[in-house]
2 protein chains.
Amino acid sequence: VSKTSRVVVVGSGLVGSLLALMLKKRGAEVTLLERRTDPRAAGYVGGRSINLALSDRGLLALRAAGIADAVAAVSVAMPSRLIHDKQSQVSRFAYGLHGEAIHSVSRGGLNIRLLDLLDEHGVDVKFGWRCSDVALDVPRVHALDAAGAAHVVDADVVIGCDGAFSQVRQAMRKTDRFDDEQTFLAHGYKELHIQTAPSWDVDGLHIWPRQSHMLIALPNLDRSFTCTLFFPFEGTPSFASLHDVAAARRYFEETFPDALAHVPDFDAQWKNNPVSSLVTVRCYPWSRFGKTMILGDAAHAIVPFFGQGMNCGFEDCRVLVELLDAHDDDWSRAMPAFERARKENADAIATFALENFVEMRDKIADPAFQLRRRVEAAVARVCEKDFTPSYTMVTFRPQLPYADALRQARKQDAILDELLKHEAVRRNPQSDDHNDLYRKTVAAAAC
Amino acid sequence: VSKTSRVVVVGSGLVGSLLALMLKKRGAEVTLLERRTDPRAAGYVGGRSINLALSDRGLLALRAAGIADAVAAVSVAMPSRLIHDKQSQVSRFAYGLHGEAIHSVSRGGLNIRLLDLLDEHGVDVKFGWRCSDVALDVPRVHALDAAGAAHVVDADVVIGCDGAFSQVRQAMRKTDRFDDEQTFLAHGYKELHIQTAPSWDVDGLHIWPRQSHMLIALPNLDRSFTCTLFFPFEGTPSFASLHDVAAARRYFEETFPDALAHVPDFDAQWKNNPVSSLVTVRCYPWSRFGKTMILGDAAHAIVPFFGQGMNCGFEDCRVLVELLDAHDDDWSRAMPAFERARKENADAIATFALENFVEMRDKIADPAFQLRRRVEAAVARVCEKDFTPSYTMVTFRPQLPYADALRQARKQDAILDELLKHEAVRRNPQSDDHNDLYRKTVAAAAC
């Protein structure tokens, strides 16, 4: 096995495209198979892709691929959450302790940028080729082209980056002892586009938390916003309970009046934009025979509430390339090393993402939770080395594995529980009077 | 919809055969599709089917189908566990408080008996027909016959009883929001047949508990035994660590000497009998469109350590028929009622089965555990109405839902924890001196 391996990547989404580019840059012969048509010719199929928040883990991988600048140019910095209450009052909460930002990017725009880079580097991308099966041990991909003609693609290595409902994972399911789980949320989502909302700041992620559900809006480069409603499928209120457009409009009037004001074509959008579901995928192992593997959503799809799906997938690419370096490009050793190293991190970010949904839609508007966050920030300021808010660990500490962040977050939760028992802390978390208490409590928990 | 529905059942294993018979008896037109050839012509494919323990839940369903007597005639009663230690000493432990027995049956023999009954009742069984896809909403089954010819079978209702790797569930996976999980144990199993072991009692289930693993043996009608080794795939010892037959034989000499003595053809059997894996399946929902459903292992495969897989599947059949009665044979109402009623019970027996593996292979030989069992029996004797050992609830209380049994078992575990704190109880659990304490503790827990 050498750097000049013939690699077939299945799926030219964000992760597949980035991986293909990174492997090509280090000398592999890469073929990329994509079920869909070329988005540059056909126009990107939108209407159901949440705008993405690119953060430091994703950027670290893009930097490793040498393309961070190209991507930064098409993103909008969001240093804050902007919380809209029912009275249309907006409050601002910083994401980081020092003004750090996450970055709104258009999935379609970023994907097209990556495809252009693939062209520049001479990667062979076959659009309209649907992977129908994979012989994992050969390895060999069976594919049907747009005209329905059958093709067989042999390679040294096959990598499935084909998303939550991966065809490559499907082939792995047929092998013995393949653990596999797909779990759907009781919530779905619907996108609404806002052409212009002059009164809204563009330097933040807008959130309308409403306990059982929420609306969010991410700014685009042209100052438009992509809104997403996360809403239960069943119950009251739910997509099922809003029987028609008029009912949906009434619900928005009561619940999101300042958002509705900026959607003049609400009725048409509500009717035409689909409701999509949200799935978590957990499986193991992620490779077979040292020849075929899956990564990104194909191996560990998560819900979008920590803004880490793409970032985690990009991190996969970075880690895989590092392991290829470490194992002299021996894929049969790099693949098991990769799945062993990454599995607990994928599980951890899946947990973070599920928990953050509750935080975003419900707790964030709760005074007790806001107090907790203030205490967290105060402790983090005093004990900078030993205590880092979990949002910061996940989003702004790209070298810290997700699983370590989760373990640390659990410890810190216990510390906050402890500190919140003190009335003086609750009254004024930021007071320097507590610095000793904060230091002692954090130090005690470290033992 | 009426009793004369056209029903297609996929899979003529134990559950599919029983369900087809029950539906036919109440007036449906039933077609049964079976991937394998007729076992009566070809000989049953053994070597990897654990002997089955039929118990009261299965018997209750067979009675509802009017065939309990026919089955009882081909089973061997096992009122006890017979525990073999490393010195080949055997200890007897009763399963029930009053001599209740479970019943060893041959999977193949029972299946053939059911197929004969299907013939008698005029059910159309198509052997060698492999279900390749299901149009869930029509409903319609696409199948390939033994010659490879494609068939389309339309029906009013399609029911998948096609096992843990169900093709019908596979079709359901392609619909939105279908939760699905398959999880494998780190242990596999290998069968060994013992032609004769004159010194062994035939009225019990033999167990060689060895902490990380175990051997079991179930008696057959002809006084032969079917042995099954449950053993880790990896680690030491494991199927992987026993590199060849000689190593396996040495391991048996040390660990299961009295069993090895009765397997003169050990080398051939070790080499020829496959190692199979053990899977738990959890999914939901179990029906789509009120027209297609799954039950038995297809919906909720479990590991075999509580002897409840078949019993639970037979109970599915009984409950489904009761719900058809309750809903005037309206399948579109009976199906959702069935999945709502059964899901928590399937989850509960899956949990019981996983936990019982640890008990059988490890705890059962542990003095602390045996003491706990003695306390349990003593409390059950004193508080007969309010305290029932969990083995009894699962195995000998066929009207008690599994989920209720699990909730009750958790409560009783806490009661036993409490009672085992008393030194006098630990010294002599059966003493009547404790009767008041037992009654008071049980009564307090009921509040």
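1. Start with a pairing inside chain A of this predicted model. The side chains of A:R92 and A:D201 form a salt bridge, with 2.8 Å from N to O. This pair joins distant parts of the chain, 109 residues apart. A:R92 belongs to strand β6 of chain A. A:D201 sits in the loop between β13 (179-194) and β14 (204-209) of chain A. Side chains of opposite charge can pair when their charged atoms come close. Over all chains, a search of the whole structure gives 66 salt bridges.

2. How is chain A superposed on chain B? A rotation of 180° does it, with 0.0 Å of shift along the axis. The RMSD is 0.0 Å. The two copies are thus related as by a two-fold rotation axis. To find that axis in the model, look for A:E181. Among the residues of chain A, A:E181 comes closest to the axis, with its C-alpha at 2.0 Å.

3. Next, the interface. Chain A brings 16 residues to the contact, and chain B brings 16 residues. Three residues deserve a look here: A:R173, A:R177 and A:Q182. Together they supply 42% of the area that chain A buries against chain B.

4. How much area is buried between chain A and chain B? The value is about 1,500 Å². Carbon and sulfur atoms give 35% of this area. The size of an interface is often given as the accessible area lost when the parts come together.

5. Charged pairs also cross the interface. The rule finds two salt bridges between chain A and chain B. In a salt bridge between the chains, the side chain of B:R173 meets that of A:D180, at 3.6 Å from N to O.

6. Now the second largest pocket. It holds about 890 Å³ of space. Its lining has 36 residues. The closest to its centre are A:E359, A:F369, A:R373, A:E376 and A:Y391. By class, the lining has 16 nonpolar, eight polar and 12 charged residues.

7. Which element gives the most to the lining of the second largest pocket? The answer is α13(A), with nine residues. Several elements of chain A supply at least two residues each: β6 (90-94), α12 (331-361), α13 (367-382), α14 (390-396) and α15 (402-419).

8. Finally, check the backbone. Most residues other than glycine have a negative phi, and most peptide bonds are trans. In chain A, the peptide bond from A:V138 to A:P139 is cis, with omega near -10°. A:P139 lies in the loop between β9 (130-135) and β10 (140-144) of chain A. In chain B, the bond from B:V138 to B:P139 is cis, with omega near -10°. B:P139 is in the loop between β9 (130-135) and β10 (140-144) of chain B.

9. One phi value is also worth a look. B:R223 has a positive phi, near 70°, and is a residue other than glycine. Where is B:R223? It lies in the loop between β15 (214-219) and β16 (225-232) of chain B.

How values were computed:
Residues numbered from 1 in each chain as written. Chains lettered and ligands numbered in written order. Predicted model: local features only at pLDDT ≥ 70, side-chain atom pairs only at ≥ 80, totals over all residues. Heavy atoms only, no water. Least-squares fit on C-alpha atoms with pLDDT ≥ 70 in both. 1 Å grid on protein atoms, 1.4 Å probe; cavity = no way out; pocket = protein on both sides within 12 Å on 5 of 7 lines; lining within 4 Å. Points joined across faces, edges and corners; volume = space filled by probe spheres on them. Helix = DSSP H or I, 4+ residues; strand = E, 2+ residues; numbered from the N terminus. Nonpolar A, V, L, I, M, F, W, Y, C, P; charged D, E, K, R; others polar. Contact = heavy atoms within 4.5 Å. Buried area = accessible area lost by both parts, 1.4 Å probe. Salt bridge = Lys/Arg side-chain N within 4 Å of Asp/Glu carboxyl O.
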